[in-house]
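The stops below are given in the order in which they may be selected.

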Amino acid sequence: MNPIVVVLFLAIVILTLIVTYIAAKRTKSAGDFYTAGGGLTGWQNGLAIAGDYLSAASFLGIAGMIALQGFDGFFYSIGFLIAYLVVLFLVAEPLRNLGKYTLADMINSRFDARKVRGVAAISTITIVLFYMIAQMVGAGALIQLLFDIPYWVAVLIVGVMMTIYVLFGGMFATSWVQIIKAVLLMAGMIIVSFIVLLKFHFNIGAMFTEVKTATSHGADYLNPGIKYKDPLGTLSLMLALVLGTSGLPHILMRFFTVKDARTARRSVITATWTIGIFYILTLFLGFGAAIFVGESKILEANPGGNMAAPLLAEAIGGNLLFAFISAVAFATILAVVAGLVLSGASAFAHDIYGQIIKKGNISDRQQMLAARYAALGVSVLSILISLGAQYLNVAFLVSLAFCIAASANLPVILYTVYWKRFNTSGAVWASLSGLISALVLVSISPSVFSPVEGAALFVGEPIFPLDNPALVSVPLGFLGGFLGTIFSKEQDLRRYAEVSVRAHTGYRGSKSAGP
């Protein structure tokens, strides 16, 4: 056990617990718990969004993907980055103007229907669980490598930490943990990338030449087709990544932590610059790991390739850099899982319990208590599921969450804001058709069934040919919303006109989430 690693890990834990303690004193209402009272500035929320978005999949998963699969691994970086343009131009401003605490609030600004809120909450919880599994798997692999402890103990440690943040600090603590993590992560990325480039005397061409002979793929390493040989499969993956961000509940929830749509736009711009720089640097981490660590050592440490970045840090910077990068990876996971727990707890406590079961007749104190119980429940469920997913690549797991978000949430968001004929039946059918089709198609895909033992969860022939079903499930989500709408006689053009004005101007927008 490396004493430097222990010290840095303890420093991260102590720092985040201090933040939680300070935040707990400021968390006095449901608005404080869910949205930090709407008091974050544009740059603060932008860094928090980046901290929320740059997850274990990005830092650990993509570096491993690029190291092992070459150009195909970089598809994730491209898709994750471009996704923020969709958020900026189509989603951020209307969402902030129409919503209060959750995605379901935004949709219900047009449809006062408990069934719409219920379906939106179910979709949110499903996405949160998929995304959470990815973070927990990454955390378990990291801590297992560093401290030589059983995987289940490592997962339990992270689960306890994330529950503490949310139970006591709410969105205040979660936001500042994410901001701190974003700064540390960018510092770590820049340092490692600088050292990798320094070894090639800042000659990127020399690095590309070297990596052609560093792996078993040879010159094909720099060409597409190592992992994604099917063009339709690649298109499906990219569709999920580019459109999925706009439907991720824990990202969308961040737009309610600012006072108005203008600040929300500033948040997205700050986040996009931060995220853009990060994903460009993943190329140097992946190539560096392939050259200085090697395939066999990466696979030996973790079959999913999730430990490529920490191993690269050790190879080029010794124990100190290894300890720092490992601690940053740990902070990355803690920040993201805290945001996910809060998002899932909000769906349970605010949407299902507060608005559906209690029909809005719930006090602030009751809602905060329900949220804390829900946070505990989400944490426990995530830990239990994560114990069976140890050997899956975390970037792949996140791509499935993106697929569900793009299929179930994005059609409802866009139809709600931009289609005047859209109605309650359309909202329910859009969400259910996208959600169910994504889950069913994933369950019969090569991601779950493979004739090669160990290549997937089960041995067998897949029925559906694509690893990521977004190419089919996203159109089905939009089609379900369209058919559900046109076959229903319900129509309220006056309500749409009101919502349209609010979505694009903020006029008569909700003030309860802000100061």
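**A buried lysine and its surroundings**

Select Lys181 to begin: with a relative accessibility of 1%, this residue counts as buried (under 20% relative accessible area; exposed is over 50% and partly exposed lies in between, with a 1.4 Å probe and protein chains only). The model is a predicted one, in which local features need pLDDT of at least 70 and side-chain atom pairs count only at pLDDT 80 or more, while totals for chains, interfaces and linings use all residues. Residues are numbered from 1 along each chain as its sequence is written, and side-chain values use heavy atoms, with hydrogens and water left out.

Lys181 lies in helix α8, residues 151–199; helices here are DSSP runs (H or I, at least four residues), numbered from the N terminus. Next, display what surrounds the side chain. Which residues does Lys181 touch, not counting residues up to four places away in sequence? They are Ala50, Gly51, Asp52, Leu54, Ser55, Ala331, Thr332, Ala335 and Val336, where contact means heavy atoms within 4.5 Å.

**Helix α3**

Now select residues 42–53, which form helix α3. This helix has twelve residues and reaches 16 Å from its first C-alpha to its last, close to the 16 Å expected at 1.5 Å a residue (the expected span is 1.5 Å times one less than the number of residues). How many of the twelve residues of α3 are buried? Eleven are, and the helix is mostly covered. Among the buried residues are Ala50, Gly51 and Asp52, each of which also touches Lys181.

**Tyr101 in its loop**

Move to Tyr101, in the loop between α5 (71–98) and α6 (103–108). Its relative accessible area is 6%, so Tyr101 is buried. Leaving aside neighbours within four places in sequence, Tyr101 is in contact with Ala30, Gly31, Tyr34, Thr35, Met253, Phe256, His350 and Gln367. For a distance across the model, draw a line from the C-alpha of Tyr101 to that of Ala214: the two atoms are separated by 49 Å, and the residues are 113 apart along the chain.

**The loop between α8 and α9**

Select His201 and Phe202 in turn. His201 is found in the loop between α8 and α9, and Phe202 is placed in the loop between α8 and α9 as well. His201 has a positive phi of about 55° although it is not a glycine; Phe202, also not a glycine, has a positive phi of about 60°. Are these side chains buried or exposed? His201 counts as exposed, at 69% relative accessibility, and Phe202 counts as partly exposed, at 45%.

**Where α9 meets α12**

Continue to α9 (residues 204–211) and show it with α12 (residues 261–292): their axes come within 10 Å and cross at roughly 45°. The contact involves Ile204, Met207, Phe208, Glu210 and Val211 of α9, together with Leu283, Phe284, Phe287, Ala290 and Ile291 of α12. By class, nine of these residues are nonpolar, none is polar and one is charged.

**Pro303**

Finish at Pro303, in the loop between α13 (295–301) and α14 (308–357). Pro303 is partly exposed, with a relative accessible area of 47%. Ala141 is 162 residues from Pro303 in sequence, yet their C-alpha atoms are 9.9 Å apart in space.

Technical notes
Axes fitted to C-alpha atoms, helices over the stretch in contact; angles between N-to-C directions. Helix = DSSP H or I, 4+ residues; strand = E, 2+ residues; numbered from the N terminus. Nonpolar A, V, L, I, M, F, W, Y, C, P; charged D, E, K, R; others polar.
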